[in-house]
Amino acid sequence: HERADHWKQWGFKLENSCISLATWIDNIFAYGNSALSCIAILDDFEAVLVRKWQLEIKPSSREIVVCLGAENSADPAVWKHVENLNMLGHFVANSGGIRFDWLKVKAKMWGAFYGNSGSNDLHSVNFETKLSLLMRTVFCTVNWKFSRWPFQKSIAVEMDKLQVNMVAMVSRYPKLASED
């Protein structure tokens, strides 16, 4: 907190304020108009950690995502440049897109499906219970992402197909020859 005013010179300027650093438990994220601005904030933050508590940012936590097309003059030996940065369970892409995050959560949705409502152990359970289990176990793996994801028609179509496949598999109705 004592360094917040100092970081304003590097932070990301908004209309009436400036965002420079966000923390959550043991995670820190710097925001700025350039890679060097973010690194300046993080280096200053680390100097406080060292001075007050003899702590450092570990090498495996030194990742930086730079907006696609922006200059990245960060030293790759100190700051690893990544295209997708895991920020509290959300993969933030350098393009601002959600495709990488969607692919990760899609795999988790299938895992939750096969571990629960799609399990062969539930063969004798009624259809309504299977659908209820599907909502409780699969939908929650993606629902919390919607607060950050902008709507994208292509991903909405993929999500709809995934949902249709899961419901079809749970229903166990045979596909007719006339159906695609």
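## Briefing: fold, cores and ring pairs

Among contacts in the protein between residues at least 6 apart in sequence, 51% join residues at least 24 apart. The model is a predicted one. It holds 5 helices and 8 strands. With a radius of gyration of 22 Å, well over the 16 Å that the globule rule gives for 180 residues, the protein is more spread out than a compact globule.

**Overall build**

- From the N terminus on, the elements run α-β-β-β-β-α-β-β-β-β-α-α-α.
- Taken along the principal axes, the C-alpha atoms fill a box of roughly 65 × 35 × 35 Å.
- Of the 180 residues, 31% count as buried.

**Nonpolar cores**

- In soluble globular proteins, nonpolar side chains tend to be buried together.
- Here the largest nonpolar core has 15 residues. Trp-102, Met-109, Val-138, Trp-149 and Met-166 have the most contacts inside this core.
- Three helices each supply at least two residues of this core: H3 (99-115), H4 (127-143) and H5 (153-171).
- Val-138 is in contact with Met-109, Ala-112, Phe-113, Leu-133 and Met-166, leaving aside neighbours within four places in sequence.

**Aromatic pairs**

- The whole structure contains 8 aromatic pairs.
- One of these joins Trp-7 and Phe-45. The pair is tilted, at 6.2 Å centre to centre and 50° between the planes.
- Trp-7 sits in helix H1 and Phe-45 in helix H2 (residues 35-53), so this pair links parts of the chain 38 residues apart.
- Trp-7 and Phe-45 are both buried.
- Trp-102 and Trp-149 form an edge-to-face pair, with 6.3 Å centre to centre and 85° between the planes.
- Because Trp-102 lies in helix H3 and Trp-149 in the loop between H4 and H5, this pair ties together parts that are 47 residues apart in sequence.
- Trp-102 is buried, at 0% relative accessible area. Trp-149 counts as buried too, at 9% relative accessibility.
- Ring pairs also link Trp-102 and Trp-149 with Phe-139 and Phe-146 into a cluster.

**Charges over rings**

- The charged end of Arg-62 sits over the ring of Trp-79, 5.0 Å from the ring centre.
- Lys-104 lies over the face of Phe-91, at 5.8 Å from the ring centre.

- Asp-101 lies in helix H3. With a relative accessible area of 0%, Asp-101 is buried.
- Leaving aside neighbours within four places in sequence, Asp-101 is in contact with Gly-89, His-90, Phe-91, Lys-145, Arg-148 and Trp-149.
- Arg-3 is found in the segment before helix H1 (4-7). Arg-3 counts as partly exposed, at 24% relative accessibility.
- Arg-3 is in contact with Asp-44 and Val-48, again leaving aside neighbours within four places in sequence.
- Arg-3 and Ile-41 are 38 residues apart in sequence, and their C-alpha atoms are 9.1 Å apart in space.

Notes. Residues numbered from 1 in each chain as written. Predicted model: local features only at pLDDT ≥ 70, side-chain atom pairs only at ≥ 80, totals over all residues. Heavy atoms only, no water. Helix = DSSP H or I, 4+ residues; strand = E, 2+ residues; numbered from the N terminus. Buried < 20%, exposed > 50% of the residue type's maximum accessible area, 1.4 Å probe, protein only. Contact = heavy atoms within 4.5 Å. Core = buried A, V, L, I, M, F, W, Y, C linked by side-chain atoms within 4.5 Å. Phe/Tyr/Trp six-rings, centres within 6.5 Å; stacked < 30°, edge-to-face > 60°. Lys NZ or Arg CZ within 6 Å of the ring centre and 35° of its normal. Rg over C-alpha atoms; globule rule 2.2 N^0.38 Å.
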